[in-house]
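Reader: I would like to go through this model and ask what stands behind the labels used for it. Please give the criterion along with each value.

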Amino acid sequence: MAAYHDHALSLVECMKSLTELGLNTGRAGNASVRIGDDQYLITPSGVHPRDLRATQMVTLDLNQAPHLSPNNLTENPSSEWRMHHDIYLAYSEVRAVIHTHSSAATALACLGERIPAFHYMVAVAGGDSIECAPYATFGSEALSQNAVKALHGRSACLLANHGLITTGQTVLEAVDLAQEVEQLSFQYLMCLSSGKPTILNTEQMSLVIEKFKNYGKRTG
């Protein structure tokens with residue numbers, strides 16, 4: 001139970017941090033964290049971060065639909081539960097998922113724009129681009145499958161006319177990545193407003209991606 005409580009607290013802190021960092025406003029966005037191999041905790045539907053409590057997190061089973069398995073009958077899981085659910089099923093290495101409506105990333109998503117290799121830091125999301133998943137209605141299976149496809153080989157993607165998804169080994173890692181992608185989105189929008197940015201080629205980005213495998217890791 002202690003582990004569940006710690007993970008639940010991390011989601012509370014995550015949602016408050018996303019608001020404080022300007023990556024979400026109001027009741028927008030959601031977050032989840034994997035528990036073991038078959039379950040995950042997800043934020044409840046429609047609760048403002050200022051009112052969020054650890055006891056409101058909903059436990060879902062990856063082997064069942066959420067209406068069959070929540071441990072907390074007083075709260076409904078986020079309306080975007082399916083997206084989290086299918087990302088965990090598709091990518092066993094993912095331990096946390098965050099969805100935001102951050103301004104710059106959402107602006108690009110509303111343009112239907114992916115983020116190409118205009119800057120080497122695009123590799124922070126694992127590939128030589130950050131893809132934009134095609135639009136589908138929020139909470140739908142179509143949106144979920146579009147996001148899963150856009151995340152292939154990457155830890156972040158945009159959602160057309162919607163927002164941003166980031167993943168990580170921890171909730172904090174996913175929050176940090178959301179900040180990075182928001183900054184890249186802002187920079188790319190500035191480039192688009194001024195002209196056509198130079199795009200790094202496949203060889204250049206492959207070198208960066210290889211170097212990023214040990215980025216920030218201690219050697220001893």
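Reader: Where does Arg-50 lie?

Author: Arg-50 is found in the loop between S2 and strand S3 (58-61); helices (H or I, at least four residues) and strands (E, at least two) are DSSP runs numbered from the N terminus. This is a predicted model, in which local features need pLDDT of at least 70 and side-chain atom pairs count only at pLDDT 80 or more, while totals for chains, interfaces and linings use all residues. Residues are numbered from 1 along each chain as its sequence is written, and side-chain values use heavy atoms, with hydrogens and water left out.

Reader: What makes Arg-50 count as exposed?

Author: Its relative accessibility is 56%. Buried means under 20% relative accessible area, exposed over 50%, and partly exposed in between, with a 1.4 Å probe and protein chains only. At 56%, Arg-50 therefore counts as exposed. In space, Arg-50 and Met-15 are 8.8 Å apart, C-alpha to C-alpha, and 35 residues apart in sequence.

Reader: How many aromatic pairs does a search of the whole structure find, and why is the pair of Tyr-40 and Tyr-88 called tilted?

Author: The search finds three aromatic pairs. Rings of Phe, Tyr and Trp (its six-membered ring) pair if their centres lie within 6.5 Å; planes under 30 degrees apart count as stacked, over 60 as edge-to-face and the rest as tilted. For Tyr-40 and Tyr-88 the centres are 5.2 Å apart and the planes stand at 45°, so the pair is tilted. Tyr-40 lies in strand S2 (residues 39-42) and Tyr-88 in helix H2 (residues 81-90), so the pair ties together parts that are 48 residues apart in sequence.

Reader: Are Tyr-40 and Tyr-88 buried or exposed?

Author: Tyr-40 is buried, at a relative accessible area of 0%. Tyr-88 has 2% relative accessibility and also counts as buried.

Reader: What makes the pair of Phe-118 and Tyr-188 tilted?

Author: The ring centres of Phe-118 and Tyr-188 are 5.1 Å apart and the planes are at 35°, so this pair is tilted. Phe-118 sits in the loop between helix H3 (103-110) and strand S5 (132-133), and Tyr-188 in helix H5 (residues 171-194), 70 residues apart. Phe-118 is buried at 13% relative accessibility, and Tyr-188 is buried at 7%.

Reader: How do you know that Arg-114 forms a salt bridge with Glu-131?

Author: A salt bridge is a side-chain nitrogen of Lys or Arg within 4 Å of a carboxyl oxygen of Asp or Glu. The closest N and O atoms of Arg-114 and Glu-131 are 3.0 Å apart, which meets the limit of 4 Å. Arg-114 is partly exposed, with a relative accessible area of 37%, and Glu-131 is partly exposed at 23%.

Reader: What covers the description of strand S6 as having both faces covered?

Author: In S6 (residues 156-159), Ala-156 and Leu-158 on one side and Cys-157 and Leu-159 on the other are all buried.
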